[in-house]
Amino acid sequence: MAASTYKTVVLAKRPKDNVIPGETFRLISTNAAPSADSLKDGEILFQPNYLSIDPAMRGWLNDTRSYVPPVKIGEVMRGYAVGVVLASKDPKFPKGSYAQGTVGWTELKVCKGKELEKIELPREARLTDALSVLGMTGLTAYFGITDVGKVKAGDFVVVSGAAGATGSVVGQIAKLKGATVLGIAGSDDKCRWLTEELGFDGALNYKDKEFGKKFRAATKDLIDVYFDNVGGEILDMALSRAKAHARFVMCGGISQYNTSNPQGPKNYLMIVSMRIRMEGFIVFDYAKEYPRALKDLAQWLSEGKIKRKETIVKGGLEKAEYALRDLYDGVNTGKLMVEIKPLDEK
Ligand code: NDP
């Protein structure tokens, strides 16, 4: 049975830099949680169990033009979650089945069928995979490296944010396609995970004092494909090491998300001299092609050709603002998510 009260998190104040727990968001506790009895025809009572924490969330808090409208002050924070149908008056979503959707930062939600998607997990998969390798970050990695980056055998691929949810899958797909892969990540432990467990050919810690020197040495043969998750100085360094006709896949720029004055690349003239194709993309552009990507990703996962890690912050919805803040300090290896409610606690 659903609890009689439930919590949501709303945007209280637009942050200048990183989010500030206790200031940026407000936790609201509401009496009279929706129940199975109150459902109308076509409605579903959805229990989000795991909430995705995404770098893009920081951008949604700015009052600027982007690919989605900003979250309004007082509005429930936008967020994507996977969970369980607690009760249903929509035959497509039977009670007890798994579903996912952009339900916001909430402990409970009455949804219409069009707000949710059913989750059918392939062999070897778990529910949280629908937030990572079989969800948005896996799809981003897939379309970014194959369709935008057009990776092929023999390419030298460099990926930043390599130990995160997207970057770790990018590198593994590139390896499956026959490329040589160098990952850039924020700790020695993350670098070891990339090379020892995921099969990257090399990995460098960008916080290492000698990073610049090591990066130049590791890219002496010059870069065919650079997959950018972070922007900033690392993007500049990659530009300086681009091969003629290199492809730069512009997926994100997390180093610039917490500033009101984001900096573009200083080495941009390399785009001209090296005839670089630099292309931004948003994964939703590929929505019609998700089935093709999910088939490949599910197969690679079940065959052990793609490995994944997740960092699950426990303690409920209250922890979401801390998790979002800590994402920018690299608290996660693989996909970062918050456990709103453990799966077995219905
Ligand atoms: P990740 O799991 O990669 O988490 C973010 C990681 O970024 C952190 O773990 C941290 O690891 C690293 N990081 C944080 N701050 C910095 C910094 N200043 N410089 C370098 N690295 C930093 O997140 P996602 O996989 O969800 O997202 C990765 C990127 O992909 C983001 O830029 C995101 O916006 C983008 N994205 C784009 C989409 C699209 O459609 N274009 C869709 C989904 C995501 P570390 O310890 O290595 O610093």
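This is a predicted model: local features need pLDDT of at least 70, side-chain atom pairs count only at pLDDT 80 or more; totals for chains, interfaces and linings use all residues.
**Reading the ligand site**

Q: Which atom of the ligand does a backbone N or O atom of Tyr328 lie 3.3 Å from?

A: A polar contact is a pair of N or O atoms within 3.5 Å. Here a nitrogen atom of the ligand sits 3.3 Å from a backbone N or O atom of Tyr328. Another ligand nitrogen entry is Cys251, with a polar backbone atom at 3.0 Å. For Asn229, a polar backbone atom is 2.8 Å from a ligand oxygen.

Q: How much of the ligand does the protein bury?

A: Accessible areas come from the Shrake-Rupley method with a 1.4 Å probe. Alone, the ligand exposes 910 Å², and the protein buries 91% of that.

Q: Which residues come nearest to the ligand?

A: Near means a heavy atom within 4 Å. Of the 27 residues around the ligand, Thr166, Lys190, Tyr206, Val283 and Asn332 come nearest.

Q: Why does the ligand lie between domain 1 and domain 2?

A: Domain bounds come from an automatic or database assignment. Domain 1 (6–129 + 309–339) and domain 2 (136–284) both give residues to the shell, so the ligand lies between them. Their C-alpha centres are 29 Å apart. Counting contact as heavy atoms within 4.5 Å, 16 residues of domain 1 touch 14 of domain 2.

Notes
Residues are numbered from 1 along each chain as its sequence is written. Side-chain values use heavy atoms; hydrogens and water are left out. A polar contact is a pair of N or O atoms within 3.5 Å; within protein, one must be able to donate a hydrogen and the other to accept it, and residues adjacent in sequence count only if both atoms are side-chain atoms.
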